[in-house]
Amino acid sequence: AHPSAGGHSFGRLRGARVARPRVCGGPAKAAASGPSEDVKAESEAADIRLSSPLQSWLNLFKSLLGSGNLALPSAIAVYSGSRKAVVPAIGLALLFNVLSAYGFVLISRICEATKTDSYQDAWSKSVSPGSSWLPATAVLGKTWLACVSYLMIMGDCTSMVLLPMGVPEWLAGRGSVIVGVTSFLLLPLCCLKSMAPLAKFSVVGILSAFYCLFVVAFRCISGSYAAGPLLAAAPHAPKFVPFAGNALMTAATPASSVLIATLAYAYTNHYSSPQFYSELEPDSNGSRTSRMRRVTYTAFLGGWVFFAIVMSCGFLTFGANSQGMILNNYALIDKLAVPARLALSMSMLASFPIIFASFKAGLVRAIGGSAERFQQSKPITFTVALLLTIVPTALQLRDLGVLAAFSGAILASYIVYIAPSLMAICARRRGLLKGSGGRGALLESVLQYTLVASGIVLGVVGAVQALPK
């Protein structure tokens, strides 16, 4: 299973090891395999660890705390420089939070109905095997762009920590940091045979995310950048543009699609839904459905609260000059921002190899035998070759907001809104997905068709609006 490519793999909490049959692949897959496959399946089943609802909630909530939330203030600035723009932004964040959670739950329902245990297999069974390259390509692209965004953040944050310390610019500059970190740290980490040791640093990711939230909120509430030495030292001074109309009208522009696309990027973790479902401990009736729904919606609600605070406080501090990565707005001499940048860099450093491993595995599966043979015979060369596709892109791109919005429009809108709904529509037509009938089933069907159409519109409009003008 893929970790969250929005950024977002900080390790997983595990429950007790139990022996149980597989939830989503069971009898049909076992019947089609030989004796050795049966033994292997039984061995895998005995090695599965179930997670309690609380553990699943924490894992899902953690997976949402990636790099996407740091780009949200700049997404508001794309469509308005007025403080009033925060009101519709919070509303849009809540709306698409609920829709994203719905898609996450819907994927688990489709996996259960089609007896599959992965995002791509669910598509193959519900839509068609011949088009399974679509979700595979989307997930591959999303993980690759996640690697790019992580490297961009490490370059920005580490450089802004080293420069005030008097380190020469040729060594502490953004480009030098990206090349140096990749060569001396990321390459050895990405060549590890197992990513398990990196899971120990999951607490760093959690603490850095909440510390960044604290810094953004505190600087906003205290008004530290309204006047004084921090304002004078800020690389981008706050800028607000008056708006005479109603607050909701600030978002009445195609440019607001950039915020929606960035939200899709931030909320994307949907290819992990089958894994979360299969590892969730069932209730006393042996069902996971209600627990999955409850865990998902409450975890996503927690993500919305987190995003709303970072998004609102970041924008209310810097307004129209909010940068694509909001920490870039804070002064080099800001004593609260320096630890935030350092902690975020360490978090990205620990998470990058995990995301990279998913990207590498997805690429090998997509290409097939030749890539697998190359990886096995020359693993270091293969890793270097893949890193060379990431480093030049990270060096060239400087605006995380543009990357997040464009990726959200093109890839995340498909993964989060279009694909789950399309799978449900096709699975229902094939008789694989049973509805409850009545008005509720009709309304859900209308919602799914609406999400497919809206996702396509978002992909086109959001991508155009996200491109630098």
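1. A contact here means heavy atoms within 4.5 Å. By that rule, and leaving out residues up to four places away in sequence, Leu151 touches Ile178, Thr182, Leu186, Phe352, Ile390, Val391 and Ala394.

2. On provenance: this is a predicted model, in which local features need pLDDT of at least 70 and side-chain atom pairs count only at pLDDT 80 or more, while totals for chains, interfaces and linings use all residues. Residues are numbered from 1 along each chain as its sequence is written, and side-chain values use heavy atoms, with hydrogens and water left out.

3. The protein has 19 helices and zero strands; these are DSSP runs numbered from the N terminus (helices H or I, at least four residues; strands E, at least two). Of the contacts with a separation of 6 or more, 84% join residues 24 or more positions apart.

4. Of the 469 residues, 53% are buried, that is, under 20% relative accessible area with a 1.4 Å probe, counting protein chains only.

5. The largest nonpolar core has 130 residues, and Leu151, Leu259, Phe352, Phe356 and Met423 have the most contacts inside it. H18 provides the largest share of this core, 18 residues. Such a core is a set of buried Ala, Val, Leu, Ile, Met, Phe, Trp, Tyr and Cys residues joined through side-chain atoms within 4.5 Å.

6. The second largest pocket holds about 620 Å³ of space. It is lined by 34 residues, with Gln323, Gly324, Met325, Arg398 and Asp399 closest to its centre. A pocket is an open set of points on a 1 Å grid over the protein atoms alone, with protein on both sides within 12 Å along at least five of seven lines; lining residues have an atom within 4 Å of a point. Helices H4 (72-79), H7 (133-162), H12 (257-267), H18 (400-429) and H19 (438-466) each supply at least two lining residues. By class, this lining has 16 nonpolar, 13 polar and five charged residues.

7. There are three cavities of 30 Å³ or more, a cavity being a set of grid points where a 1.4 Å probe fits but cannot get out. The largest cavity has about 70 Å³ of space. Its lining comprises 13 residues, with Leu65, Gly66, Asn69, Ala209 and Leu344 nearest the centre. Helices H10 (202-222) and H15 (337-367) give two or more residues each, and H10 gives the most, four. The lining of the largest cavity has eight nonpolar, five polar and no charged residues.

Note on methods: Points joined across faces, edges and corners; volume = space filled by probe spheres on them. Nonpolar A, V, L, I, M, F, W, Y, C, P; charged D, E, K, R; others polar. Buried < 20%, exposed > 50% of the residue type's maximum accessible area, 1.4 Å probe, protein only.
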